[in-house]
Amino acid sequence: MRIDAHQHYWKIDRNDYGWITPEIPVLFRDYLPSDLEPQLQKHGISHTIVVQAAPTVEETEYILELSKHADSIAGVIGWLDLESPLFKTQYRQLCDHPKFTGIRVMIQEMDNSGILLSTPYIEALSYLAEEDLPVDLLVLADQLPQLIALLERVPGLRGVIDHLAKPPIASGRLEPWRSHMAEIAQHPGIHCKLSGMVTEADPQGWTHEDFTVYVHEMLDLFGPERLLFGSDWPVCLQAATYDEVIDVLRIALQDRLSPQEMEPIFGANAARFYKLNSQYIGG
């Protein structure tokens, strides 16, 4: 079983996606399941986790509707306004959909990531921790201190760091990113997605060696059982093809893990973390 634990679909004319503009021509078009299907088949990937790309409940509902007609979608990571008085009501409504798998907190988009420590966020995330709901954490490397403080207040959170917290791969620096990730890895409920790396490297001149040290650091800190492969397609297309994204991770892992040891990173870990319903993943 192989699962791509992080990818997106969108329709531009929905007008949810303010960050996708004509100035990014490779992304400024519709991306739907039929566009990704050939790559999934080529690499033996049976299912994907579709992650929200806009901070609206309406976009989450759109993806959930899309998932009804695409067998390859095993789960949907949506969005909720954690400060809204309607938060719990909207959450319960999303829970009625069998492929609703979790939500994503877009820390990256916060002007002041200290808001994570505000009462509404602490209360909402504590509630989701009690619910044991998977929570994706889209966070930048320089926002990790605030995330560390959050996890101290909500230690039971079932969370996954998207894109290794976007370390400075293009410059090759490790600190303070590595030290902060080491603190986060002390929380057993937190996982890490080996995704989004190519867009943090030099988009025109990256080499496979650029990524090795970052992947190895995550192996050392989280262990292979808490790492998930994600393509970040189609965002990755700004710097690499789907084939190249898979090769980047495979080559970075092969010095440390056998092909058999790698396989859970490419599937079983995601199925376990996201508690995927077996009726949607064929067993």
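The largest pocket in this structure, which is a predicted model, has a volume of about 360 Å³. Of the 21 residues that line this pocket, Trp19, Gln108, Glu109, Leu138 and Lys166 are the closest to its centre. If we sort the lining of the largest pocket by class, we find seven nonpolar, eight polar and six charged residues.

Rolling a probe the size of a water molecule over the atoms shows where empty space is left. Here the structure holds one cavity of 30 Å³ or more, and the space in the largest cavity comes to about 90 Å³. Its lining is made up of 14 residues, and those that lie nearest the centre of the cavity are Ser195, Gly196, Met197, Gly230 and Val245. Which helix gives the most to the lining of the largest cavity? That is helix 8, spanning residues 242-254, which contributes three residues. By class, the lining of the largest cavity consists of eight nonpolar residues, five polar residues and one charged residue, whereas the lining of the largest pocket, as I said, has six charged residues.

Eight strands form an open sheet, with parallel pairing, and their order runs 1-2-3-4-5-6-7-8. The edges are taken by strand 1, residues 3-7, and strand 8, residues 227-229, each of which pairs on one side only. On average, and with direction ignored, neighbouring strands of this sheet are turned by 25° against each other.

Finally, the cysteines. How many disulfides does a search of the whole structure find? The search finds zero. For cysteine 192 we can say why a bond is absent: the closest cysteine sulfur, in cysteine 236, is 17 Å from the sulfur of cysteine 192, and this is too far for a bond, because a disulfide requires the two sulfur atoms to be within 2.5 Å.

Methods
Residues numbered from 1 in each chain as written. Predicted model: local features only at pLDDT ≥ 70, side-chain atom pairs only at ≥ 80, totals over all residues. Heavy atoms only, no water. 1 Å grid on protein atoms, 1.4 Å probe; cavity = no way out; pocket = protein on both sides within 12 Å on 5 of 7 lines; lining within 4 Å. Points joined across faces, edges and corners; volume = space filled by probe spheres on them. Helix = DSSP H or I, 4+ residues; strand = E, 2+ residues; numbered from the N terminus. Nonpolar A, V, L, I, M, F, W, Y, C, P; charged D, E, K, R; others polar. Pairing = 2+ DSSP bridges. Axes fitted to C-alpha atoms, helices over the stretch in contact; angles between N-to-C directions.
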